[in-house]
Amino acid sequence: MNRGTPSPGLVFAFGAASGSAANKAATEVKTHSEARYDTATVVDFKATVADVREVPKTDPLNGLYLAVKTEATVLKSETFEVYVGPTDFVKGCEITFAKGDKIQVIGSKITLDGVDIVLAREVSRQQTTIILRGKNGEPFWKLWSRPVEK
């Protein structure tokens, strides 16, 4: 995938990462309430979507999850979950995912409650890339939900 020039598909980017967030040290994750993007564990891989599920808003890390199986050349061919983001935010990006989709993910691979999960920064499918976080991991949906200042 060429990131130097835009592809014919749509590219979504929401907001800019804050400088103060870039200075925060990332920590290893132990529970849902402590889920943090760790720039030291960033992975970039291709995978096939095995399942798509929405976690209800009652869960601290609610939103859209993709169960994926990586290609054999990357990370040994593993199956794990990718947290895309809050469902309403992802729907606003006008992209959907289905079982069998071939995707590319850039994100932070963390351990959450003893399970490997990737907090997605970018997800690409075909000619479309959604950018969900800044390079420091700051989620753009936090900026998206703020009222516009006048």
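Predicted model: local features only at pLDDT ≥ 70, side-chain atom pairs only at ≥ 80, totals over all residues.

Residues are numbered from 1 along each chain as its sequence is written, and side-chain values use heavy atoms, with hydrogens and water left out.

The protein's accessible surface is about 8700 Å², and carbon and sulfur atoms own 52% of that (Shrake-Rupley method, 1.4 Å probe; for residues, only the protein chains shown count as cover). Of the 150 residues, 43% are buried (buried is under 20% relative accessible area, exposed over 50%, partly exposed in between; 1.4 Å probe, protein chains only).

Next, hide the surface and select Phe45, Val82, Phe97 and Ile103. Within the largest nonpolar core, which has 35 residues, these four touch the most other members. Such a core is a set of buried Ala, Val, Leu, Ile, Met, Phe, Trp, Tyr and Cys residues joined through side-chain atoms within 4.5 Å. Elements giving two or more residues to this core include strand 2 (42–55), strand 4 (79–85) and helix 3 (140–144).

Stay on Ile103 and show its neighbours. Leaving out residues up to four places away in sequence, its contacts (heavy atoms within 4.5 Å) include Phe45, Leu66, Phe97 and Val123.

From Val123, hop across to Ile130, its bridge partner in strand 7. Strand 6 and strand 7 pair antiparallel over 4 bridges; pairing requires at least two DSSP bridges between two strands. On strand 7, Thr128 and Ile130 point one way, Thr129 and Ile131 the other, and all are buried.

Which residue of this hairpin takes a positive phi? Select Gln126: with 2 residues between the strands, the hairpin has Gln126 at a phi near 55°. Most residues other than glycine have a negative phi. Gln126 is exposed, at 71% relative accessible area.

Last stop: Glu94, in the loop between helix 2 (87–92) and strand 5 (102–112). Glu94 isn't a glycine either, and its phi is positive, near 55°. Its relative accessibility is 66%, so Glu94 counts as exposed.
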